[in-house]
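Hello,

Here is the structure I promised to pass on.

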Amino acid sequence: MIRLPGPDGALRSYTPRATPAPSVTAGGHIGGRPGDAGGAPARRRDRPSARAVFAAAHVVADPLAAGAGAADAVDWEATLAFRRHLWSHGLGVAEAMDTAQRGMGLGWPEAAALIRRSAAEARAVGGVIACGVGTDHLTAPARSLEEVVAAYEEQLAVVEAAGSRVIVMASRALAGLARGADDYLRVYERVLTQAAEPVILHWLGPMFDPALDGYWGSADLDRASETFLEVIAARPDRVDGVKVSLLDAAREVALRRRLPAGVRCYTGDDFHYPELIAGDAHGHSDALLGVFDPLAPLAADAVRALDDGPTGRKRFHDLLDPTVDLARHLFQPPTRHYKTGVVLLAWLAGHQRHFAMLGGHQSARSLPHLARAYQLADRLGLFPDPPLAEARMRHLLAVYGVDS
């Protein structure tokens with residue numbers, strides 16, 4: 001029994017789950033025991049074949065590097081171990097992404113180091129990886145579209161040299177400079193023609209980053225969608241797929257039905273992902289999701305069920321539908337702080353030794369929010385070692401002055 005603070009701050013008793021869900025332990029654990037960053041590798045599971053699935057992975061901070069530069073504040077061993085955990089369950093890793101890392105304590109020099117290290121690790125273990133390309137290393141407002149293009153090209157060169165697939169992220173610099181849809185068309189035409197292989201285009205909504213309001217030249221999402229589709233239609237052979245992070249399932253479905261043949265739609269909707277991944281008679285979305293970081297074992301098991309065709313759909317929904325409450329909780333406004341809950345769950349699950357984040361973002365959510373995240377994850381059986389998760393949650397409560 002543990003006492004957890006509710007939304008009103010009142011303490012309520014909760015009895016933690018005694019055992020993890022079978023899908024959590026089926027792929028093994030990244031460490032020799034929960035809490036270890038290294039140890040024996042987890043048993044590898046096959047990648048889902050019916051859907052392409054990526055988890056936008058978090059970075060593990062080094063809390064002993066206080067006062068050092070951001071690059072020194074990354075615990076590289078634990079960070080790479082977590083990626084091996086994701087790959088062991090058959091998921092791809094989306095690396096150096098805007099919502100997961102960039103602008104949240106990780107600058108471009110550190111992101112470039114992360115890309116190189118993670119891509120090398122992916123080659124070593126046979127993992128799938130795609131890395132974000134943006135313009136966030138510009139330290140002042142862009143003065144011209146050429147400057148934006150050059151910034152994209154600089155990061156593109158790093159990702160391609162590392163041997164990774166490319167995700168072209170939305171650009172704050174372009175959003176601040178563009179005067180209409182034509183400016184977006186010109187910039188993306190240049191970037192797409194420079195890429196060596198087809199890329200994933202990311203449309204990140206303002207709920208994740210307010211600086212991107214009006215992206216594609218209009219705050220009207222219908223008009224913005226037309227420009228987005230025009231960019232893709234101009235170079236469909238250069239676009240592997242699009243990642244849509246608007247938290248609007250109906251809009252995503254309408255958009256994916258208009259994509260050229262062969263262009264995937266990767267859902268970034270952390271509120272409606274089960275229905276979007278399952279799809280309908282007209283098609284489905286693949287997945288590139290931040291919430292698949294904490295859900296990895298269960299999510300991989302669910303999506304793998306779709307490999308069995310119609311007979312696997314019930315198991316898919318039975319496994320994944322119950323996770324939506326946790327996802328909606330983690331991604332509640334301000335949505336950009338979802339990563340705080342993600343790192344909390346990684347600590348409670350034994351994937352890292354502490355609850356500390358780059359830039360001190362572990363303080364971005366309240367204790368009642370964190371307590372609810374623990375409770376929802378525990379009910380799903382997400383913790384490989386429930387007693388460890390309970391003990392760590394008790395330590396956190398004690399730090400906040402709660403006698404549990």
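Below are some notes on aromatic pairs and salt bridges.

Please keep in mind that this is a predicted model.

Let me begin with the rings. The count comes to 15 aromatic pairs. In one of them, Y152 and Y188 have ring centres 6.2 Å apart and planes at 55 degrees, so the pair is tilted. Y152 belongs to helix α4 (residues 145-161) and Y188 to helix α6 (residues 181-194), so this contact ties together parts 36 residues apart in sequence. Y152 is buried at 0% relative accessibility, and Y188 is buried at 1%. Y215 and W216 make an edge-to-face pair, because their planes stand at 80 degrees, with the centres 5.1 Å apart. Both of these residues are buried. Ring pairs join Y152, Y184, Y188, W203, Y215, W216 and F228 into a cluster.

Now the salt bridges, of which the count gives 21. Among them is R84 with E121, at 2.9 Å from N to O. This pair links helix α2 (residues 76-88) with helix α3 (residues 108-125), and the two residues are 37 apart. R84 is partly exposed at 33%, while E121 is buried at 17%.

Another bridge joins R165 and D240, at 3.1 Å from N to O. R165 is in strand β6 (residues 165-168) and D240 in strand β8 (residues 239-245), 75 residues apart.

Best wishes

Note on methods. Residues are numbered from 1 along each chain as its sequence is written. This is a predicted model: local features need pLDDT of at least 70, side-chain atom pairs count only at pLDDT 80 or more; totals for chains, interfaces and linings use all residues. Side-chain values use heavy atoms; hydrogens and water are left out. Rings of Phe, Tyr and Trp (its six-membered ring) pair if their centres lie within 6.5 Å; planes under 30 degrees apart count as stacked, over 60 as edge-to-face and the rest as tilted. Helices (H or I, at least four residues) and strands (E, at least two) are DSSP runs, numbered from the N terminus. Buried means under 20% relative accessible area, exposed over 50%, partly exposed in between (1.4 Å probe, protein chains only). A salt bridge is a side-chain nitrogen of Lys or Arg within 4 Å of a carboxyl oxygen of Asp or Glu.
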